[in-house]
Amino acid sequence: MALSKTKLSFFRKFLQKKTREQEGRFFVEGWHLLDEAMKAGCRLHAVIFDPEARREASEDAVLGTALEEAEEAYEGMASQLAQLSDTKASQGVLALVDRVGCGFAELLAELPQSGPARLVVLDALGDPGNCGAIVRSCDWFGMDGVVLGRGCAELENGKTVRSTMGGLFHLPVAVGVDLVEAVSVLRKRGIQVFTTELDETAVSLSDFAFPDRCAIVVGNEARGVSAEVSAVADGKLFAPRFGRGESLNAAAAASVFLAKWRV
């Protein structure tokens, strides 16, 4: 079915956070994310594709599966898909799926009740690229979940979604969480919580052994971890500096901690 002006106008509303929240749906864009969404069992409310766009054989296979699973399918011109995309160069396919963020209680329910439990907590991390990249790293290093505190970038923001490279479909991500309360709950469940801070009382990663049940907190790009969260945590960690750089990008810093934790 050809994508009409009316349908195009309807789908354009999902570029707004307000609509995504009200409707409980968001767009995934590109062949890889569409494939990952289907592998995760996401419901495809609609698939929109450009029949004239150049595709690899593997992408044709993804499209074939998507057309079988989608409740609605539309053929759109490149100019129409460009109006639905927040990238400069659309891959020629988008899919409308249900939002994937969960509540903190849901994430807790999925955690192992005993034995190793590994979480990453983000404190008001506002950059969508950083948030998405950290979710991607958590997926790579086998974390049990990610907690996005209040003030973090929206999980279903287009840039966040792309930066996860499908990671948001692979592990639970709790959103809009009160972190002071969350840290208290985690500690009661035997999960030690450590903030990542450049502080004179912080312990160097070189001298730290991660406990089996642990969560680390990565702070805001400019302000770091809030004083309120830091005050209720078990301790502070830092990555030692060997050069002259002033600081690490939040996503890069998180990956350093995760690599030391898991390798």
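The model is a predicted one, and the buried residues of helix 9, which spans residues 179-188, are L179, A182, V183 and L186. Viewed down the helix axis, these buried residues fall within an arc of 100 degrees, so they line one face of helix 9. An α-helix has 3.6 residues a turn, so residues three or four places apart point the same way.

Both ends of helix 9 show local features of the backbone or its contacts. At the start of the helix, a side-chain oxygen of D178 comes to within 3.2 Å of the backbone nitrogen of V180. Helix 9 is followed by G190, which has a positive phi, near 80 degrees.

F194 and F208 form an edge-to-face pair, with 4.9 Å centre to centre and 70 degrees between the planes. This pair links distant parts of the chain, 14 residues apart: F194 belongs to strand 8 (residues 192-196), while F208 lies in the loop between strand 9 (203-204) and strand 10 (213-218). F194 and F208 are both buried. The ring of F208 also pairs with that of F210; the two centres are 5.0 Å apart and the planes stand at 85 degrees, so this pair too is edge-to-face. The relative accessibility of F208 is 14%, and F208 therefore counts as buried, the cut-off being under 20%. F210 is likewise buried, with a relative accessible area of 15%.

A further group of rings is made up of F10, F11, F14, F27 and Y74, which form one aromatic cluster. Strand 1 covers residues 25-29. Four of the five residues of strand 1 are buried, so the strand is largely enclosed by the rest of the structure. Strand 1 pairs with strand 4 (residues 93-98) in the antiparallel sense, over five bridges. Within this pairing, E29 has L94 of strand 4 as its bridge partner.

Notes
Residues numbered from 1 in each chain as written. Heavy atoms only, no water. Phe/Tyr/Trp six-rings, centres within 6.5 Å; stacked < 30°, edge-to-face > 60°. Helix = DSSP H or I, 4+ residues; strand = E, 2+ residues; numbered from the N terminus. Buried < 20%, exposed > 50% of the residue type's maximum accessible area, 1.4 Å probe, protein only. Pairing = 2+ DSSP bridges. Arc of directions from axis to C-beta. Polar contact = N/O pair within 3.5 Å; in protein donor to acceptor, adjacent residues only side chain to side chain.
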